[in-house]
Amino acid sequence: MIVTLKINGEERSVSAAGWESLLNVLHDDLGLPGSKAACEQGECGSCSVILGDTLVCSCLVMVGSCEGADVTTVEGIADGDDLHPVQQAMYESAGVQCGFCTPGFVVAAKHLFDHNPTPSAIDITEALSGNICRCTGYGAILRGLVSLADDGERE
Amino acid sequence: MNFTRATNIDEALAAKNADTDAEFLAGGTDLMVEVNLAHHRPKSVIGIENVAELKETSTSRIGAGVTWDHLESSSHQALAHLARTVGSPQIRAAGTIGGNIGTASPAGDGLPWIAAIDAKIEVVSQSRGKRLVPWAQFFTGVKRTSLGADEMVTALVLPADMPQIQHFAKIGVRSAMVISTVSCVVARGTDGFRVALGSVAPTVIRVPRAEQLLNSETRPSEAALDEFAATVAKEVQPITDHRSTEAYRRHAAGVLARRLVVRCLN
């Protein structure tokens, strides 16, 4: 089937079997490898994308259900060379080790800050509870995002 | 592959009637795991995630398409609590209570609540119309239900005498993103205590002998509570698997049920 989606603001059409995951189609057919395939059962969050206004695991989204959908992937978060504030915050706090989980954390953090510009540390922990970092770099990720939330409070 | 996007229940039922092998897709949190890990290739899928009728709730029912993130603010205490423990934000935004019912995993987080409040499952088919199935007749085994090949789960129908005091707890290896080792809901209604447990039998179960022990006393003593916990541990039928052992699950079932009864008494 042909599915037409709006990905990072750009309309794209793709031919795929309807049962394929949005993740595989992003990766293999649309040239967007940022969303990572790790557990492929919704446990790790490394494939997180924003579908409409909802944070989802793209491995659990059947592409056949995506006709006309608005999708934001990690590739659509920075403004050209200017990092998004959550990316800048994670960069400054060294909230990256091997980097495999990073796209999922960036997308989940953007989704949180879009809805709540001044989250508490608990809000951040809860919002990122579906994203797993096996280097266990949670402390640095959390520090960066708490500092971004503090900047938001001062403004 | 045939992908039908239903916009209402009638369209979904017509598609199911025309092809009873077609699989319903709501949040995808179960079906897509099968596709990804079991290399399951559905021949025909009926997408029901945009069916607005399935997202309606009232005091007497919860639509099958209601997602866990909405149930987190439910006025039913144990339901709201358990909804907050389902998976992760990503899973709660996609997964539905109807999916929990249709998948019928012994570990389905919503199922102990359904059993404790004695809810019914509303199922509909194009040719046979609507029927209400008591939960105990709906869940027949591990991921097995009495749902007909042409039917779909449309709602959870709540009892008129909803127990106002209800508590939930589950045990898993971590707090977030975990499949429960044992889960429990205790509800205290006008007829006494009802105790339901998940992950300790092929389906969600009630423990009638343990319930009877409690309900024969006005206020159970410590000794009665101990006997209750021991009876729960005897009455459950857990297995040893990669998540836990039979012995641990029996013990944990008694501990959790006792703890929730005490919460209901206070």
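Before the first stop, a word on axes: they are lines fitted to C-alpha atoms, for helices over the stretch in contact, and angles run from 0 to 180 degrees between N-to-C directions. Helices (H or I, at least four residues) and strands (E, at least two) are DSSP runs, numbered from the N terminus. This is a predicted model, where local features need pLDDT of at least 70, side-chain atom pairs count only at pLDDT 80 or more, and totals for chains, interfaces and linings use all residues. Residues are numbered from 1 along each chain as its sequence is written, chains are lettered from A and ligands numbered from 1 in the order in which they are written, and side-chain values use heavy atoms, with hydrogens and water left out.

**Stop 1: a helix pair in chain A**

Select residues 85–92 (helix H2) and 102–115 (helix H3) of chain A: they pack at about 125°, axes 9 Å apart. That makes H2(A) and H3(A) oblique to each other (under 35 degrees is roughly parallel, over 145 roughly antiparallel, 65 to 115 roughly perpendicular, the rest oblique). Show side chains for the contact (heavy atoms within 4.5 Å): H2(A) brings A:Val86, A:Gln87 and A:Met90, while H3(A) brings a set including A:Phe105, A:Ala109 and A:Phe113.

**Stop 2: helix H1 and strand E5**

Now pick helix H1 of chain A, residues 22–29, where A:Leu22, A:Leu23, A:Val25 and A:Leu26 are buried (under 20% relative accessible area; exposed is over 50%, partly exposed in between, with a 1.4 Å probe and protein chains only). These buried residues pack against strands E1 (2–7), E2 (10–15), E3 (48–51) and E5 of chain A. After H1(A) comes A:Gly31, with a positive phi near 65°.

In E5 (70–72), click A:Thr72. Is A:Thr72 buried or exposed? Its relative accessibility is 19%, so A:Thr72 counts as buried. Beyond neighbours within four places in sequence, A:Thr72 contacts A:Asn8, A:Val49, A:Ile50 and A:Ile77.

**Stop 3: the cores**

A nonpolar core is a set of buried Ala, Val, Leu, Ile, Met, Phe, Trp, Tyr and Cys residues joined through side-chain atoms within 4.5 Å. The largest has 52 residues, and A:Met62, B:Ile62 and B:Trp113 are among those with the most contacts inside it. Helix H7 of chain B (111–116) gives the most to this core, five residues. Apart from it lies another core, of 25 residues, including B:Val182 and B:Ala253.

**Last stop: a loop in chain B**

Finish at B:Val51, in the loop between strands E3 (44–47) and E4 (61–63) of chain B. B:Val51 is buried, at 1% relative accessible area.
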